[in-house]
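Welcome! Please take a look at the sequence and the model below, and then we can walk through a few places together.

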Amino acid sequence: MSFRTRNSIKNIVFSEISYVVILLLQFMNRSVFIHFLPEEYLGLNGLFSNVLSFLSLAELGVGSAINFALYKPLKEGDVEALKSLMSLYRHLYKAVGVIVFILGSILMPFLPLLIKDLNSDIKYIYLYFMLYLFNSGISYFYTYKRSLIICDQKEYISTVATTISSIVLKVMQIAVLIVFESYAAYLSVMVAATIAENLIISAVADKMYPYLKDKNNKELDPKVLREIKKNVFALIFHRTGEIIVYATDNIIISKFIGLVSVGLYSNYTLIIQAVKTVTNRFFNAITASLGNLVAFDDKEYVEKMLYNILFINAWIFSFCSISLLCLLQPFIKLWLGEKFLLSDSTVVIIVINFYLTGMRSTVLMFRNATGIFWYDRYKPIAEGAINLIMSVPLALRYGIAGTLSGTIISTLSVPFWVEPYILFKYYFNKKFYGFMLRQLKYLIMTIGISALTYLLCITARFSPLMTLTARIMLCVFVPNVCMSIIFRKDDSYVYFKSSIARIFMKLRDF
């Protein structure tokens with residue numbers, strides 16, 4: 001087994017096992033949160049997260065640009081180049097951290113304008129935001145060292161630290177809520193855990209890479225610096241567009257619908273984000289290896305891997321989308337109660353959004369690995385503009401479903417076809433029609449299997465727990481059997497089966 005494959009497997013295994021533990025604690029944490037604090041505080045969580053996503057625009061894509069530049073010197077063992085890159089990384093991220101603190105402080109007085117009918121019972125809103133702001137800003141002073149570990153294909157080391165920190169955090173937050181019933185104490189524990197985790201990662205990185213302590217750095221290669229500047233300039237547009245698209249939903253809901261609606265939606269996004277995190281950990285775990293592959297292997301082989309990963313991408317997100325469609329409502333009803341349910345139509349919109357976003361994962365992963373940020377730099381701005389233009393009026397008319405429909409429209413209008421077009425034109429030097437036909441085939445398959453599975457699920461009507469259990473069994477069995485039959489002769493399916501077999505055979509080596 002190659003070094004690349006070995007580290008990818010190790011990263012995936014550590015990531016997925018750790019997150020299952022964290023996920024269980026997250027749901028326990030949310031249950032206690034809802035029991036001891038008013039619903040509006042859930043809305044504050046979602047609102048503050050979106051506001052701070054806007055402040056993260058100060059990062060300007062520096063991290064992605066430098067991460068891409070790290071792959072080659074890591075592969076070649078060029079310590080001097082790594083020292084120069086990490087020194088640049090450190091100084092830029094410290095500046096970003098300071099800028100985030102300043103911008104957050106300026107924005108703070110305007111927070112009430114983002115909340116429709118602010119409840120007078122919510123006191124100390126500025127204190128809560130300051131704690132959120134500090135938690136976000138402090139990470140920039142240490143994140144660059146974590147990035148080096150990940151780019152060196154050792155993400156499992158970072159995962160262990162994150163897992164321990166998350167477990168301690170969730171347990172302490174539960175205890176604080178039970179004892180003090182205080183949102184401020186809840187956030188203070190979050191800040192303490194973030195600081196501790198970053199200090200641990202920093203110490204581990206210093207031990208793994210002693211040259212990080214060496215302040216005697218050579219001047220960075222002008223060619224590398226020019227490439228970083230070019231990518232950062234392009235990523236400014238990418239970051240801006242992404243934030244406008246993905247960080248405005250809760251702000252729009254808070255402003256035009258209400259803070260309680262943000263709280264209701266946040267319960268669904270907790271589940272959606274949990275699924276996204278599990279899937280993203282899979283893709284993130286192989287991104288560093290992919291960057292290594294792109295740097296040294298021929299494009300024909302890279303294209304073959306693109307279609308193999310797209311197939312795995314489609315299988316994962318089709319299965320997850322079908323499961324979410326059938327399980328979200330009965331799970332929320334059993335977990336929190338009927339009063340926390342959104343409409344069925346809203347759930348359908350949430351799932352469509354999830355699927356379309358997920359099916360972009362393969363192209364975005366290859367874009368990051370190949371460093372092609374420049375050619376579609378204006379795409380995110382167009383996407384963000386369409387999202388805002390559509391989401392606000394749709395939110396006023398259709399509520400949460402309207403807000404999310406605006407995101408779907410913007411996704412289909414621009415990035416869903418522009419991203420593969422750019423990748424194939426500027427990296428593979430080919431037409432992208434074959435790729436889009438694959439996407440269409442996977443979409444049609446997902447719609448058909450979704451309809452079949454949903455029709456079977458709605459016939460399962462028992463007690464809430466038995467209904468959920470029956471639906472889970474159907475969701476596990478029906479989609480996977482159908483996809484196995486449909487793709488049994490597909491080359492990517494054969495590759496996928498053989499890869500899984502090799503992984504299970506090699507797991508004993510770890």
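In which helix is Ile102 found? Ile102 sits in helix α4, residues 79-107.

## About the model

This is a predicted model, in which local features need pLDDT of at least 70 and side-chain atom pairs count only at pLDDT 80 or more, while totals for chains, interfaces and linings use all residues. Residues are numbered from 1 along each chain as its sequence is written, and side-chain values use heavy atoms, leaving out hydrogens and water.

Helices here are DSSP runs of H or I with at least four residues, numbered from the N terminus.

## A patch on the surface

Ile102 counts as partly exposed because its relative accessibility is 48%; buried means under 20% relative accessible area, exposed over 50%, and partly exposed in between (1.4 Å probe, protein chains only).

Together with Val98, Ile99, Leu103 and Ile106, Ile102 forms a nonpolar patch on the surface, with about 420 Å² of accessible area together. Accessible areas come from the Shrake-Rupley method with a 1.4 Å probe, with only the protein chains shown counting as cover for residues.

## A covered helix

Now to helix α14, residues 361-370, which is mostly covered, with eight of its 10 residues buried. Among them are Val363, Met365 and Phe366. Just after α14, Gly371 has a positive phi of about 75 degrees.

## Around Ala234

Ala234 belongs to helix α9, residues 222-246. With a relative accessible area of 0%, Ala234 is buried.

Which residues does Ala234 contact, leaving aside its neighbours within four places in sequence? They are Phe373, Trp374 and Arg377, where contact means heavy atoms within 4.5 Å. Tyr375 is 141 residues from Ala234 in sequence, and their C-alpha atoms are 7.9 Å apart in space.

Terms used: Patch = residues over 30% accessible without salt bridge, like charges linked within 9 Å, V, L, I, M, F, W, Y side chains within 5 Å. Salt bridge = Lys/Arg side-chain N within 4 Å of Asp/Glu carboxyl O. Helix = DSSP H or I, 4+ residues; strand = E, 2+ residues; numbered from the N terminus.
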